[in-house]
Amino acid sequence: MNLFRKEVAGIPRQVGESVSLNGDAIRSRQRKPETESYGPCPKCGQPVIRKGKFWQCSTNKREKQSDGTWQTVGGCGWKLYQTICGKTLTDPMVRTLLEKRRIHVNGFLSKAGKKFSVDLIADYERGSKLDFDE
């Protein structure tokens, strides 16, 4: 039993050594680089990158204000949110949208709770807009 306790007591040290040796490799595999381009910005043509739950122009710079809010202080300001009308956009959808400027999407949810399909257009000012004309 003492031998077992001695072995178990050494596990945290071994794990710590393993993580310090391999930690950088593990972290690099888990995170996507922030500079991965999804396509050209519809507003200025610079690369679009992903920042959490939205995609934005790589030129955008934001600073935290003294009142706790964030303000855009540089760049063109173009941004596309991940969820639109209850539909979550995926990375391949955004790549196609930025490449072709238009994609057909199924599964949007209206305020009344009904599903609908419509074309999503990369918009210069608002990030995206729904095109009901077709």
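Trainee: Is Gly-107 buried, partly exposed or exposed?

Mentor: Bearing in mind that this is a predicted model, Gly-107 counts as partly exposed, because its relative accessibility is 24%, and buried would require a value under 20%.

Trainee: Where does Gly-107 sit, and what does Gly-107 touch?

Mentor: Gly-107 lies in strand β8, and, leaving aside residues up to four places away in sequence, Gly-107 touches Lys-87, Phe-116 and Ser-117. Gly-86 is 21 residues from Gly-107 along the chain, and the C-alpha atoms of the two are separated by 8.1 Å.

Trainee: And how many bridges join β8 to β9?

Mentor: Six bridges join β8, residues 102-109, to β9, residues 115-123, and the two strands run antiparallel. Arg-102, for instance, stands opposite Ile-121 in β9. The hairpin has five residues between the strands, and Gly-113 there takes a positive phi near 90 degrees.

Trainee: Switching to the helix, which residues of α2 are buried?

Mentor: Asp-91, Val-94, Leu-97 and Leu-98 are the buried residues of α2. They lie on the same side of α2, because they cover an arc of only 125 degrees around the axis. As background, an α-helix has 3.6 residues a turn, so residues three or four places apart point the same way.

Trainee: What about the other side of α2, and what covers the buried residues?

Mentor: Pro-92, Glu-99 and Lys-100 are exposed on the other side of α2, while the cover over the buried residues includes β1, β2, β5, β8 and β9.

Trainee: Which residues have the most contacts inside the largest nonpolar core?

Mentor: That core has 18 residues, and those with the most contacts inside it are Trp-55, Trp-78, Leu-80, Leu-89, Val-94 and Leu-120. At least two residues of this core come from each of β2, α2, β8 and β9. As for Leu-80, its contacts beyond four places in sequence include Phe-54, Trp-55, Leu-89, Val-94 and Leu-97.

Trainee: Last one: in what order do the three strands of the open sheet come?

Mentor: The order is β1-β2-β5, with antiparallel pairing, and β1 and β5 are the edge strands, each pairing on one side only. Ignoring direction, neighbouring strands of this sheet are turned by 25 degrees against each other on average. Between β2 and β5 there are three bridges, and the bridge partner of Phe-54 in β5 is Tyr-81.

Conventions: Residues numbered from 1 in each chain as written. Predicted model: local features only at pLDDT ≥ 70, side-chain atom pairs only at ≥ 80, totals over all residues. Heavy atoms only, no water. Pairing = 2+ DSSP bridges. Helix = DSSP H or I, 4+ residues; strand = E, 2+ residues; numbered from the N terminus. Core = buried A, V, L, I, M, F, W, Y, C linked by side-chain atoms within 4.5 Å. Buried < 20%, exposed > 50% of the residue type's maximum accessible area, 1.4 Å probe, protein only. Contact = heavy atoms within 4.5 Å. Arc of directions from axis to C-beta. Axes fitted to C-alpha atoms, helices over the stretch in contact; angles between N-to-C directions.
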